[in-house]
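Here is a friendly briefing to read alongside the model on your screen. Have the sequence open too, and follow the residue names as they come up.

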Amino acid sequence: MLTTHILAIFLVVSIVVSQSKALRFPQELYNLSSNQIFIFDSPSMPPSSSPLLSPASPLVSSSPLVPALFIIGDSTVDCGNNNYLGTFARADRPPYGRDFDTHLPTGRFSNGRIPVDYLALYLGLPFVPSYLGQTGEMEDMLHGVNYASAAGGVIFSSGSELGQHISFTHQIQQFGDTYQQFVLGLGEDVAIDLISSSVLYISIGINDYIHYYLRNVSNVQNLYLPWGFNKFLASTMRQEIKNLYNINVRRFVIMGLPPIGCAPYYLQRYKSNNGECVEEINDMIMEFNFFMRYMIDELLHELPDAGIIFCDVFQGSMDIIQNHKSYGFEETANACCGLGRYNGWIMCMSTQMVCRNASGHIWWDQFHPTDAVNAILADNVWSSRHTEMCYPMNLKKMVFSQNLNNLV
C-alpha cells in the first residue's frame, strides 16, 4: 500500500533499487478509470513458478476437511494476483518473502506466510493459488482459488491512485466464473456440492479507509460522517454476501478490519510521540466491525443453512499489541522494513531497509503485520487458541459441526 504524496519518492528510489521490477510496465497501461484489467504473462515472480504451492507439512491431512478454500480480499491475503497487474501495489521483490517457505518473494505482503496459508494447512489443503497465477485448468482450481488484490476495496475506486487492482465486486465476478467452469466441467450437482461444502474467506475494506475516506476522495468526509460511511460499507458487504449465497456458498469467514490507527504509517503521519495508536482512526474501525458483527447476526437468521462467522481482527490484533511481551514481541510500533519515523514514511522496497529479525516485530511494513502475527491471528480464526475473536464460533467448530450434520 502507498499514499499519493510518496509516489514521487517511490519513483525516484525505485530506479536505484535493482530488485524492484514493479515499474517496468508502460504508463499507458495504468488505466485508472476503466474496469479493464491488463494481465501480463511474465511477472517478475509469478506464483506459479514457486516450487511450494503444496508444502510438505504435518498439518496437511490426506483427507481435507473441506473440498476447497476460496479467498476474496486485499493485500492482507493477496498471494500474487497483483504481480500480473500494472500497479505500484506489488510485493514481488525482496525483502518480501524473505522468511517464506521458499525464501523468495511471491506477491504476499509479508516477510513470510499470510493468514490464509495457515488456514489452508489446518483444513488439510495445499496453499491456494492466485487466480491470475494459475493456468486456468479446472484441476488447478479444485482445492481453491485466491482472488485477492492489493489496494482493492469495497468501493471500486479505492486504491486507484496506485494503478490497477481488482475490486470486491470484480473478485466476486471472478468467483462466479470459476463456479460456472465447475458446472461445465463437473456437472451442476457436483459443482453445487463442491461450492456449498467449501469455505469462502473474505478480508477486505481497509483500503476504503486508507485510500478513500481518510484521503477524503471526492469530498467524501463532507458527504458521510464516519457512522454513515461505515454503515454504507457494511450494507454493501451484506448484499454481496447474499449474492454469494445465491450461487450456493454456504460457509463464510468474514474478517473484520485491523487497527490501522496503530500502523507505522499513521504513527508517523499523526506524529505519535511514543507509539500511541491514533484513536480517531481506530474508533472508525471499531465502529465498522460493530456494524459487521450485527449484520452477520441478521444474515444468520435470514439465510437458511448458512454458516457465517465474523472474526474481529481489531480485537485479536489489540490483544497482541497490548500483551506483546507474552507473545514474544519486542517492537510494537516500528516496522521491520521501511524508512522514516517508525519506518512508516517510505514503504519497504529494498533489502537495505529491513531489520534482522522480523519475528520480534508486530509490523512488517507500513501497514502489514509480520508472519508471526499472521500465524497468531490464523490460530484464533481456526481454534480461538489465543483469544476469542470469532463469532458465533471459530472456523474449526463450524467445519466440524457442519460435517457432522451432513453425516446425519
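The largest cavity has 31 residues in its lining, and those nearest its centre are Thr76, Pro258, Val313, Pro369 and Leu377. Please keep in mind that this is a predicted model.

**The cavities**

- The search gives three cavities of 30 Å³ or more.
- The largest cavity has a volume of about 370 Å³.
- Its lining is made up of 23 nonpolar residues, seven polar ones and one charged one.
- At least two lining residues of the largest cavity come from each of β2 (199–203), α10 (313–322) and α12 (371–383).
- Which element gives the largest share of that lining? Helix α10 does, with four residues.

**The sheet**

- Five strands form an open sheet in the order β1-β2-β3-β4-β5, and the pairing is mixed.
- At the edges are β1 (69–73) and β5 (390–391), each of which pairs on one side only.
- β2 and β3 are a parallel pair joined over three bridges, and here Leu200 sits opposite Phe252 of β3.
- β3 (residues 251–255) also pairs in the parallel sense with β4 (residues 307–311), over five bridges. In β4, Ile309 is the residue opposite Val253.

**A closer look at β3**

- Is β3 enclosed or open to the outside? Five of its five residues are buried, so the strand is largely enclosed by the rest of the structure.
- Arg251, Val253 and Met255 point one way from β3, while Phe252 and Ile254 point the other way. The residues on both sides are buried.

- Leu65 lies in the loop between α1 (7–16) and β1.
- Why does Leu65 count as partly exposed? Its relative accessible area is 25%, and the partly exposed class runs between the 20% limit for buried and the 50% limit for exposed.
- Beyond its neighbours within four places in sequence, Leu65 contacts Tyr122, Leu123, Arg251, Trp382, Val399, Phe400 and Asn403. Of these, Arg251 is one of the buried residues of β3.
- Leu65 and Leu125 are 60 residues apart in sequence, and their C-alpha atoms are 8.3 Å apart in space.

**The disulfides**

- How many disulfides does a search of the whole structure find? The answer is four.
- In general terms, a disulfide is a covalent bond between the sulfur atoms of two cysteines.
- When the bonded cysteines are numbered in sequence order, they pair as 1-2, 3-8, 4-7, 5-6.

**Cys311 and Cys390: a link between strands**

- Cys311 and Cys390 form a disulfide with their sulfur atoms 2.1 Å apart. This pair links distant parts of the chain, with Cys311 in strand β4 and Cys390 in strand β5, 79 residues apart.
- The torsion about the S-S bond of Cys311 and Cys390 is about 110°, so this disulfide is right-handed.
- Both Cys311 and Cys390 are buried.

**Two links in the loop between α11 and α12**

- A disulfide joins Cys336 to Cys355, with 2.0 Å between the sulfur atoms. Cys336 is in the loop between α11 (324–327) and α12, as is Cys355, and the two are 19 residues apart.
- The link of Cys336 and Cys355 is left-handed, with -95° about the S-S bond, and both of these cysteines are buried.
- Cys337 and Cys348 form another disulfide, their sulfur atoms 2.1 Å apart. Both Cys337 and Cys348 are in the loop between α11 and α12, 11 residues apart.
- The link of Cys337 and Cys348 is right-handed, with 75° about the S-S bond.
- Are Cys337 and Cys348 buried or exposed? Cys337 counts as buried because its relative accessibility is 0%, and Cys348 is likewise buried, with a relative accessible area of 0%.

Methods: Residues are numbered from 1 along each chain as its sequence is written. This is a predicted model: local features need pLDDT of at least 70, side-chain atom pairs count only at pLDDT 80 or more; totals for chains, interfaces and linings use all residues. Side-chain values use heavy atoms; hydrogens and water are left out. On a 1 Å grid over the protein atoms alone, a cavity is a set of points where a 1.4 Å probe fits but cannot get out, and a pocket is an open set with protein on both sides within 12 Å along at least five of seven lines; lining residues have an atom within 4 Å of a point. Grid points are joined across faces, edges and corners, and a volume is the space filled by probe spheres set on the points. Ala, Val, Leu, Ile, Met, Phe, Trp, Tyr, Cys and Pro count as nonpolar, Asp, Glu, Lys and Arg as charged, and the others, Gly among them, as polar. Two strands pair if DSSP finds at least two bridges between them. Buried means under 20% relative accessible area, exposed over 50%, partly exposed in between (1.4 Å probe, protein chains only). Contact means heavy atoms within 4.5 Å. A disulfide is a pair of cysteine sulfur atoms within 2.5 Å.
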